[in-house]
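Please consult the sequence and the structure while reading.

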Amino acid sequence: MQDVNQIRKDFPMLNGKMMNGYPLVYLDNAATTFKPQSVIDAVVKYYTDETCNAHRGDYELSAMVSDAYEAGRQAIADLIHCESKEVIFTSGASGSLNLVAYGYGRKYLKEGDVILSTEAEHASNILPWFKVAEETGAVIEYIPLDEEGRLTVENFKKVLTDKVKVVTFASVTNVLGYIAPVKEICKLAHEVGAVVVVDGAQAVPHVAVNVKDEDIDFLAFSGHKMCGPTGVGVLYGKYELLEITDPFMLGGGSNARFDICGNILLKKPPFKFEAGTPAIEAVLGLHEAVKYLQKVGFDYIEKREKELRDYLVSKMQELDHIILYNANADTGIVTFNVKDVFAQDAASYLNTKGICVRSGTHCAKILVNVLETSETLRASLYFYNTFEECDALVEALKTTTVENCIGIFF
Amino acid sequence: MSELLKNPQILREIIMDHYQYPHNHELTHSDEYLSVHMASESCIDDIHVEAKFDANKVVDVRFDGVACTIGTASTSIMTELMIGKTKEEARTIIAEYYKMIDGQAYDEELLEEAVAFQNVGKQANRIKCATIGWKGFEELLNESEKEHE
């Protein structure tokens, strides 16, 4: 059994920081997460004791860093159950999703082909496909969400035709926090020859993911949402798909040979996708983050988030002036509004109590049609949050009124 | 300056009032008006501002859209302040308002009810809310002067 107080000691950001005279209560983990000391140490160690480029130079230091970089790749492969050559390091989930859209989608989609997605997607997983559709003549169609905003197999079947070439969706949505039935969707999509792109930015940090078992074709996620550094993310792709996917960028490190006539011989995946010097320290830090999460254990992480979430939701349901949009969600995302208070006003008020929540449309701007509200507040929990922090939010919500929101300016 | 405008309780009520019952809060969509869409890049404030000018005079200013308390109330007060002023007077008031938001010395008399936003600048993330309507009107003012060149 894990002790949350022990866990919190690993995170400098959780060591008694104050905000506006109150203990800092960080509930914006869907945006980014805090880093344990081991991750910070790995980043600092690279700059203090190990600085040099990876994959370059015939000297010991470079070989050491190259090995450490590749060990990071292996750690990611073990985490999501694939081979290390199927792991591409990118700048983040957005970089990964753009790579699939431009390197695969733009190359293979044709006029009349269908890209299936949902109205709950983050901008990073819909805007690149808008562009692909515009350039190829493919069309984007949306899988209808059910009344709670969930992606269901039943609704997916209704819109799946043999014209569908790409199916792309978040396996955990960033606004509503539902877990999508990935395995079933992959199976059905493959039956019509479609490729499945999964935005795992909100999934990989919170639930165990197995790309082989679920038969996912492409999976994108970010390092910084799973206790790792910013500036690094991952694109997993089945190796045979990576072989036929074009790189997004060309440059040093991605080619094996090139000549003055413009002939380029690219390296094999994953290296053909990693032109230029990567965020080496971020990969080393991400490796430590993976180790940390595995030490804590995904069983614990899932269980803990669910307990916190159920507690927070039950307390919020006792308040008459709180509107909950996803009371039945599967992960630590709680999306709500305070009746008659504009979300941004409420977020500013909560900030004066030391509480960090997000207001807005959370980069999923077309979802407003489903929620029928222009903006919401979002509290997103991680395993290091506490019941006391949930209480602090609930107490502050009790006094969240328009008058008090204006009162913060006086 | 009225003593009332020094009382925080009154200032709060001014903001509250303009938020709940915004003035000039309906667009005309008329050809006689210039119009601008202001969508904040950092938050959801998303408003349209319309203004009608006659030679050197601000005849009417209107707005509509979705915005927070500060965005709505500051735009509502701005419309009241601008209507009936000359363009030059309008520009002076706008400049004083920006000075206040920026934490510099400013002319309280000119700003009237807009002094209610004197502390908004202390919360950097809300400065855009307090200026979105003002910047929209300023764009229309610039546009109207271009037309006459």
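**The interface between the domains**

The C-alpha centres of domain 1 of chain A and domain 2 of chain A are 29 Å apart. The model is a predicted one, in which local features need pLDDT of at least 70 and side-chain atom pairs count only at pLDDT 80 or more, while totals for chains, interfaces and linings use all residues. Residues are numbered from 1 along each chain as its sequence is written, chains are lettered from A and ligands numbered from 1 in the order in which they are written, and side-chain values use heavy atoms, with hydrogens and water left out.

Domain 1 of chain A covers 40-295 and domain 2 covers 297-407, bounds that come from an automatic or database domain assignment. In contact (heavy atoms within 4.5 Å) are 33 residues of domain 1 of chain A and 26 residues of domain 2 of chain A.

Between them, domain 1 of chain A and domain 2 of chain A bury about 2,300 Å², with 60% of it on carbon and sulfur atoms; buried area is the accessible area (1.4 Å probe) that two parts lose on being put together, summed over both. On the side of domain 1 of chain A, the most area is lost to domain 2 of chain A by Glu119(A), Val175(A) and His206(A), together 28% of what that side buries.

The rule finds one salt bridge across this interface of domain 1 and domain 2 of chain A, a salt bridge being a side-chain nitrogen of Lys or Arg within 4 Å of a carboxyl oxygen of Asp or Glu. Arg150(A) forms a salt bridge with Asp330(A), their closest N and O atoms lying 3.2 Å apart.
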